[in-house]
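Please brief me on the structure shown below. Keep the account plain, and group the points by topic.

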Amino acid sequence: MTLEVCVMALGVVLMLADFWLPADRKKFAGYAAVAALAGLLFLSFGGCGCCSLSGTAFNGMFVEDGLAVFFKRFFLIAAILVLFMAVEFSDRIAGGVSEYYSLIVFALSGMLFAASANDFTMLFVSIELITITFYILTSFQRGRLVSLEAGVKYLILGALSSSFLVFGIALVWGTTGKLNFNELAAVAAQFESNKIFLIGVLFILVGLGFKIAAFPFQIWAPDVYQGAPTPTTAFLAVGSKAAGFVLLLRVLFTAVPTVTAHWANLLIVISGITILYGNLCALPQRNLKRLLGYSSIAHAGYLLLGVAALSTSGQSALLYYLAGYLFTVCAAFTVICLVTRHLDNDDLSALAGLNRRSPLLAATMTLAMVSLAGIPPLAGFFGKFLLLKSVLEQGAANPGYYCLAFTALAGVVISFYYYFGVIRAIYWSKAAADVSPISLSGPIKVALWICIAGMFWLGLFPSKALNLATEAASVFAK
Amino acid sequence: MDSLQNLIPETMLPDMMFYVFAGLTLGFGILVVANPFSRNPVTSAMFLVLAVISMAGLFVLLHAFFLAAVQVIVYAGAVMVLFLFVIMLLDIKDEQKRKIKKGFLLAGLLSVGTIAGLFIKGLHATRLDAHPSPTTEGDTALLGKLLFGQYVLPFEVVSVLLLVAMVGVILLSKKDLK
Amino acid sequence: MDWNFIIFSAVKIAVVIGVVQGMVAYAVLAERKISAWIQDRVGPNRTAPPFAKHIPVLGRLLTRLGMFQPLADGLKFMFKEDFTPAGVRKIYFFLAPAIAVIPAMLTVAVIPFGSVLGGQKMVIADLNVGILYTFGIVSLGVYGIVLAGYAANSKFPFLGGIRSSAQMISYEISMGLSVIPVLLIVGNLNLGQIIGWQAQHGWLILYAPLAFVIFLVASFAETNRLPFDLPEAETELVGGYHTEYGSMKFALFFLGEYSNMIASSGMMVTLFFGGWTLPFWGLDHPAATLVSGIIHILIFLVKMAAFIVLFIWVRWMFPRFRYDQLMDLGWRRFLPLALVNILITAIILWMRA
């Protein structure tokens, strides 16, 4: 709880600091936020009261277990990397730079609450806090039409999904009279045949499906990813999606495990279609952010493999994969953010000649694409391997899992094409319009190196991270 | 003297009122989006006001007086007035001319039909508790205790949410940002 | 379904509406007379029915006081041609006056205008959330004006409507927040109970003077009275939202405005000035006899009349605010003030508890 309060206080302080900071020193606020969050992250590992596993609080609404702590660290790292990016991006924001930082921090606080949510009211308010902050973050470049368009699209579809979510919660509460996940789990078995209850759970899944951009609720993702300011897109791809996943895990495996057990086929189908849809639609894309938008849909599908497996190994693989995804996506978006500084669009051609303009950026982007595609020795490979393994383990019980594994493999193969399209654009494109070297500030270099280190560390020495993930996923093994 | 009492048993009145208010809410709701007589956005907004007020009636039937009052004050009295404000200032003429595309209509009907079908099927299959006991009557003191006791954490998170929303509105609508 | 309840409620409703209408009529007269006195004029003093001069002294006196003027005004409104300008949005044009009057009338329902009379509580609806009900209904009043502005389909009425919607919403917030200290002190939303508390502990104006000031000013804005009558500001907007209206429709807006004034006077009396009670002569207990019941009602009416006179007096003493000043006052003065007031009241109550 201390962590959340600190983060919220940081958000307020950032906003107040805007009063006294001279216009040319606004960057300082961003770095201060990074430092503060890094401090909190450090404390969370130090375990001095910040992230101790102290059970539940507020009548069981707020839970501080291994999963919560795992995700809190995850969100903190994501926010730090995004803030680095936001500082680089600040010259492209017309006004309210400090507010941009502080809104990122507020979105982070929502994610932290989501990580600890153990009650449908908490689930709803934390998801709303995240989503509403993202409406603003998405339309932040209000001078650009695409940014506003993205904001409006996200707002309308997000509101629709929220209405499904709250309707589902109302139905679940109406039939069972329980909002707390643990209490619900205790009585869920007797409502298994209650159709209204099942519709309620289904609606909740619809709401969460929107957040993670799973098929058939993925329609917003490409437009919003393309239009939003790049740091927002990165945070959306990592933070918002992960928040959706932690809530999904909690609902499926803590609140209604008995129902989930019957819904393996549904999850398999959704996961498979999401993978195929994302990968196939990404093929013709020429816009970098849009391409990553579709790729993020595909990755939501991969992550859903871990959910569909309905096993602890699947859940821990999901967590591990998310960790790798964090560093990879942040790396990719940081590069996009830096490369397109003086450009209007985020076309693939912007990358032309990047290896000569800035070898570090070219290398980072290449590594990110390789990791996303799932090639050893980077994080993406091992994550995909674990996910597939967990799915295949279940194959004996349900042959659908074999189909799913095959679909996922097919998706990976398709994805090679467009990921290598990005790499080709960097190294082998003909005419580079702009060959001026890109100068990198010190802090952003740090961010890039963190991402690279993260990708390699997770890929080469998976045991430590996997232990953390398994430990976190053990909350569901009872 | 007793004729009315015999005609309508005490317990049936709330049930009847429920159907009246629910019907009104639905009817007004349909008129908001698909009014066959007028495509004027102001008319739609006014029907939304009526829908909101009928919904307040439903809250009253549940003895949630506080919620009913807040529903009217906040939604009918403030939010919808601002909606009207915006609609009037924009003076949306295009909306009245806009043709409804067949494909969209079909998709909309299909999705609504699916959800409705799901519900009807579910309701047929489920026996709901006929008279569930209300957990909280509409007493404001009790509601306050719940909000600041059991539900204090979500309540406070919502306050952060409102702060964020306020910041966002100012950022997105302020004339010139420094 | 209790027949007694239905009959008594119906009677109470009929009487209250009748009295409010009568009060509106005579409030208009009072407005004209007081304005005349303030401006050193005489005011209406001629209108009289033919039989009036046959009544010895009283007839002349009533004529001089203009007591027949409201009757003449009412008749004039009724028999005027009901003209509908071309180009108005018909449905809303007819709807708006009705919407302006109905909320004003509904507000009165929860105000306890007396203690007990013949075993009946002198309040139409003894709601547990009386204050909230009032605010709910008051907040609907804005639609009458907004729609009137919209229906006219012309520039000035529209500006008037837009102004009023912004103004009323803004001041509703201060108004609502200003009452919260009262609720904190009393611990109840029922207006009857609030009066009961005041009978025991003294009037709430002594406990929450700041709340009263904010409430008073906000109710001036809510009723669109000068110095906040921006929606109709005739020098800028011709006649504001009701420019295009005439005859009875115009009269309904008039009726709405004055009913609102009466209702908010009633609210102020109830919330801050002890309602039907007086702290001496044992008038602070619910009446046991018919006579004391009537006296209670009279006390309430007199207190209310005092506020109506205040409304009128202010109108003729102060110039109109500029629109930005009005908004500034609402949002940047009264809103923080009301919030601080809540905070201080809460802290004091907490310290004493």
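How many helices and strands make up the secondary structure of chain C? Chain C has 12 helices and two strands; helices (H or I, at least four residues) and strands (E, at least two) are DSSP runs, numbered from the N terminus. This is a predicted model, in which local features need pLDDT of at least 70 and side-chain atom pairs count only at pLDDT 80 or more, while totals for chains, interfaces and linings use all residues. Residues are numbered from 1 along each chain as its sequence is written, and chains are lettered from A and ligands numbered from 1 in the order in which they are written.

**Chain C: overall form**

- From the N terminus, the order of elements in chain C is α-α-α-α-β-β-α-α-α-α-α-α-α-α.
- Chain C has a radius of gyration of 21 Å, close to the 20 Å that the globule rule gives for 353 residues, so it is as compact as a globular protein of that length. The radius is taken over C-alpha atoms, and the globule rule is 2.2 Å times the number of residues to the power 0.38.
- Along the principal axes, the C-alpha atoms of chain C fill a box of roughly 65 × 55 × 50 Å.
- Of the 353 residues in chain C, 47% are buried. A residue is buried if 20 or more other C-beta atoms lie within 10 Å of its own, exposed if 12 or fewer, and partly exposed in between, with C-beta atoms placed from the backbone.
- In chain C, 77% of the contacts with a separation of 6 or more are between residues 24 or more positions apart. Two residues are in contact if their C-beta atoms, placed from the backbone, lie within 7 Å.

**Chain B: overall form**

- Chain B contains eight helices and zero strands, in the order α-α-α-α-α-α-α-α from the N terminus.
- Buried residues account for 19% of the 178 residues in chain B.
- Of the contacts in chain B between residues at least 6 apart in sequence, 61% join residues at least 24 apart.

**Where chains A and B touch**

- Chain A gives 29 residues to the contact and chain B gives 24 residues.
- On the side of chain A that touches chain B, the elements giving two or more residues are α4 (97-116), α5 (120-138) and α8 (195-212) of chain A.
- The largest share of that side of chain A, 10 residues, comes from α5(A).
- By residue type, that side of chain A has 16 nonpolar, nine polar and four charged residues. Ala, Val, Leu, Ile, Met, Phe, Trp, Tyr, Cys and Pro count as nonpolar, Asp, Glu, Lys and Arg as charged, and the others, Gly among them, as polar.

**Backbone exceptions**

- Most residues other than glycine have a negative phi, and most peptide bonds are trans.
- Phe215(A) and Pro216(A) are joined by a cis peptide bond with omega about 0°. Pro216(A) sits in the loop between α8 and α9 (221-227) of chain A.
- Pro376(A) and Pro377(A) are also joined by a cis peptide bond, with omega about 10°. Pro377(A) is in the loop between α16 (359-373) and α17 (379-393) of chain A.
- His63(B) has a positive phi, near 65°, and lies in the loop between α3 (41-61) and α4 (65-90) of chain B. His63(B) is partly exposed, because 16 other C-beta atoms lie within 10 Å.
- Asn224(C) has a positive phi, near 60°, and lies in the loop between α8 (209-222) and α9 (234-237) of chain C. Asn224(C) is buried, because 27 other C-beta atoms lie within 10 Å.
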